[in-house]
Amino acid sequence: MASADDLIPIPDGLSPEFAVALLADGRTAVGLARAAAPEPGEWVLVEAAGGGVGSLLVQLATAAGARVVGAASSAAKRDLAAGLGAELTVDYTDPGWTELVRDATGGLDLVFDGVGGEVGAAAQGLLKDGGRLSVYGMAGGPMTTPEPRVTAVAWPQADLRELARQALTLAAAGRLRPTVGATYPLESAAEAHAAIEARAVTGKSLLMIRPL
C-alpha cells in the first residue's frame with residue numbers, strides 16, 4: 001500500500017495521461033538538465049531526441065537558451081525534435097553525421113548521452129576540451145566512459161519526488177510537453193515492448209487500464 005507521503009498530486013490543467021508520461025521521464029530530464037546546466041548560446045547535442053527523455057531534454061535546453069542538435073534515427077523523430085526547438089537535426093545512423101555536426105557547431109559544449117555504444121563514443125568526440133558529458137543510458141551499446149579531456153556530469157543529489165513535482169509543474173504551466181506516441185491496453189504489454197525495442201514509437205508509450 002502506498003503512503004500518502006509518496007503520492008504526487010497532479011496540478012490543475014494537466015491530464016492524467018500527460019502526468020503519467022512525465023512521472024519517470026520528466027524527473028529524469030529535469031534532473032539531468034539541472035546537473036548539466038545548459039547555458040545561452042551553448043551547442044548541446046541530445047541523443048535519441050525523439051524519445052521520451054530526449055524530447056524533454058530538447059525542450060529544457062532550448063528554454064535555457066542553448067542551441068540544440070537533435071540526433072535521432074528516423075525522420076519522424078527528427079521532425080519532432082525540430083518542432084520542439086532543435087536548431088539542427090541529424091540521423092545518427094548516417095556515417096557522416098558527426099561531420100555535419102562539427103561543421104555546423106565547431107564543437108559541442110554539452111552532450112546528453114542516452115544511447116551509449118558507437119553513438120555515445122562519436123558524440124563524445126564532438127565535445128570541445130572541457131565540454132560536459134551527461135551519460136544516463138545505454139540503449140545502443142555499452143555505457144560511454146568519459147574521456148579525461150571532458151567533464152563528466154554527475155546526477156544531482158535531489159529528491160526524485162521533488163524532480164517529478166517540478167516536471168509536472170512545468171508541464172501544467174505549458175513549459176514542458178511530453179510526447180505520447182502510442183497507447184496500449186494493459187493486455188497488449190508485449191506488443192508495446194516489441195514496438196519500443198524496434199524503435200518504432202516516437203516519444204512515450206503508455207499502457208492504459210480500461211475503466212470498469
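Me: What handedness does the crossing of α4 and α5 have?
Reply: In this predicted model, α4 passes α5 in a right-handed crossing.

Me: At what angle do the axes of those two helices cross?
Reply: The axes of α4 (residues 97–105) and α5 (residues 117–125) cross at roughly 25° and come within 10 Å of each other. Angles under 35 degrees count as roughly parallel, so α4 is roughly parallel to α5.

Me: Which residues make the contact?
Reply: From α4, the contact involves W97, T98 and R102. From α5, V119, A122, A123 and G125 take part.

Me: Changing topic: where is D113, and is D113 buried or exposed?
Reply: D113 belongs to strand β4 (residues 108–113). Its relative accessibility is 0%, so D113 counts as buried.

Me: With which side chain does the side chain of D113 make a polar contact?
Reply: The partner is the side chain of T144, at 2.5 Å. Setting aside neighbours within four places in sequence, the residues in contact with D113 also include E47, G120, L133 and Y136.

Me: And P16, which helix holds it?
Reply: P16 lies in α1, which covers residues 16–36. P16 has a relative accessible area of 49%, so it is partly exposed.

Me: How far apart are P16 and L108 in space?
Reply: Their C-alpha atoms are 37 Å apart, and the two residues are 92 residues apart in sequence.

Key. Residues are numbered from 1 along each chain as its sequence is written. This is a predicted model: local features need pLDDT of at least 70, side-chain atom pairs count only at pLDDT 80 or more; totals for chains, interfaces and linings use all residues. Side-chain values use heavy atoms; hydrogens and water are left out. Axes are lines fitted to C-alpha atoms, for helices over the stretch in contact, and angles run from 0 to 180 degrees between N-to-C directions. Helices (H or I, at least four residues) and strands (E, at least two) are DSSP runs, numbered from the N terminus. Angles under 35 degrees count as roughly parallel, over 145 as roughly antiparallel, 65 to 115 as roughly perpendicular and the rest as oblique. A crossing is left-handed if the near helix is turned anticlockwise from the far one by less than a right angle, and right-handed if clockwise. Contact means heavy atoms within 4.5 Å. Buried means under 20% relative accessible area, exposed over 50%, partly exposed in between (1.4 Å probe, protein chains only). A polar contact is a pair of N or O atoms within 3.5 Å; within protein, one must be able to donate a hydrogen and the other to accept it, and residues adjacent in sequence count only if both atoms are side-chain atoms.
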